[in-house]
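Biologist: I have the model open beside me, and I would like to go through the wording with you. Please set each term against its cut-off as we go.

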Amino acid sequence: MKQPWIHNAKTDGWFILSPPFIILLIIFLFQQQIQNLEKDYSFYTWLFLIVFVDVAHVYSTLFKTYFIKEEIQNRKLLYWGIPAVSWSIGLLLYQLGSLTFWSVLALIAVFHFIRQQYGFMRIYARLEPNNWSKKIDTLAIYSATIYPMLYWFRTPRAFTWFVENEFSWMQKLPDYIPYITILYCLILLFWTLKTGYSFFVLQKINIPKTALIIGTYLSWYFGIVYFNNDVVFTFLNVISHGIPYIALVYIREIKHKEIPSFHQFSIFKSAFGILLFIMVIMGFAFFEELLWEILVWNEHFSLHLDLSERWLQIVVPLLVVPQLTHYLLDGFIWRKPKKVK
């Protein structure tokens, strides 16, 4: 069968599908060294994973949205309204308490991460009919992501999404772990049988879609459930989410566009352009995190300001605007326009 690559087998394989497999292999081969990273190289771990991958992937969205003049003109309400709504939501939530603010933001982030995996699955299944097989794939991708999070909510972990105790209120719920574990195993078994039947009997296999689902199962299960380690979770969570997203933006918004809407995008098409693209998003990411360090966290740099709680109620929601805007915009910018009849 024709394989529905986004770009080609090599590019998709290295930058979209392989990250969870590669990182998991590294984790199993170098468990001790990785577990020592947090105490020995915490600054460099933070700089590479959080700043240059996680935060940078947020700013790669600029090449699909705010850097395109025509896009802004056509959807002004969306692109100016969502940042305003993001700041308003942040201001309101922070008034309810810092923990409430970060807990709600963490839940929105989790939803965003889950939906990204579903979105990639839909892209790779775009040539397939809407039948029972696609419905099973949907069940599989959601079980691969939702089960580990539900496990985390009820089982204290040695890592956080944003801050300590952000999911602590979930631990008051009845113990549902045994029931969802059974359901998780059944869905995984059913999907495996379905995929095996398609491969061995029908002699059809959607390679990228299958690799994506397997990679999602592995990265989310081992990153959250199997290992209980902050660095392991961060490696799997950040790399498996950030690198594929950056690759998707570059492939679809720069590489594949014959006549870019924003004419300066043409400079990013060359080999040097790829490096320039990465430098741009890393630059934005570093500047944002520098502001966080100086104004709020005070963890990695000696230069910092001691803001009062009153100022933090304004500054923290403002600094969160790029991230929350990214989460909310993602629900709109990747939708296919409806065909006009």
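Modeller: Gladly! Let's begin with handedness: a crossing is left-handed if the near helix is turned anticlockwise from the far one by less than a right angle, and right-handed if clockwise. By that rule, the crossing of α7 and α8 is right-handed. Please keep in mind that this is a predicted model, where local features need pLDDT of at least 70 and side-chain atom pairs count only at pLDDT 80 or more, while totals for chains, interfaces and linings use all residues. Residues are numbered from 1 along each chain as its sequence is written, and side-chain values use heavy atoms, with hydrogens and water left out.

Biologist: What makes α7 roughly antiparallel to α8?

Modeller: The axes of these two helices cross at roughly 160° and come within 9 Å. Axes are lines fitted to C-alpha atoms, for helices over the stretch in contact, with angles from 0 to 180 degrees between N-to-C directions. Angles under 35 degrees count as roughly parallel, over 145 as roughly antiparallel, 65 to 115 as roughly perpendicular and the rest as oblique. The pair α7 and α8 is therefore roughly antiparallel. On the α7 side, the contact (heavy atoms within 4.5 Å) includes L107, V110, I114 and Y118. Among the α8 partners are I141, Y142, T145 and F153.

Biologist: What is the span of α6, and where does α6 bend?

Modeller: α6 (residues 76-95) has 20 residues and reaches 29 Å, close to the expected 28 Å. Its bend is about 25°, at I82, and the proline P83 follows within four residues. A bend at a residue is the angle between axes fitted to the seven residues ending there and the seven starting there. After α6 comes G97, with a positive phi near 125°.

Biologist: How do you know whether G223 is buried or exposed?

Modeller: By its relative accessible area: buried means under 20%, exposed over 50%, partly exposed in between (1.4 Å probe, protein chains only). G223 has 1%, so this residue is buried. Its place is in helix α10 (residues 207-226). Leaving aside neighbours within four places in sequence, G223 is in contact with F159, L218, F233 and L236. Its C-alpha is 8.6 Å from that of L24, 199 residues apart along the chain.

Biologist: What puts N237 and Y142 in their accessibility classes?

Modeller: N237, in helix α11, has 16% and is therefore buried. Not counting residues up to four places away in sequence, N237 touches F113 and W161. Y142, in helix α8, has 21%, so this tyrosine is partly exposed. With the neighbours within four places left aside, Y142 is in contact with I114, R115, Y118 and Y147.

Biologist: Which buried residues does α6 have, and what covers them?

Modeller: Buried in α6 are L78, Y79, I82, P83, S86, G90, L93 and Y94. Their cover includes α5 (69-74), α7 (98-124) and α13 (309-333). In α12, the buried residues include F277, I281, E288 and W292, and the cover there includes α4 (42-60), α7, α11 and α13.

Methods:
Expected span 1.5 Å × (residues − 1).
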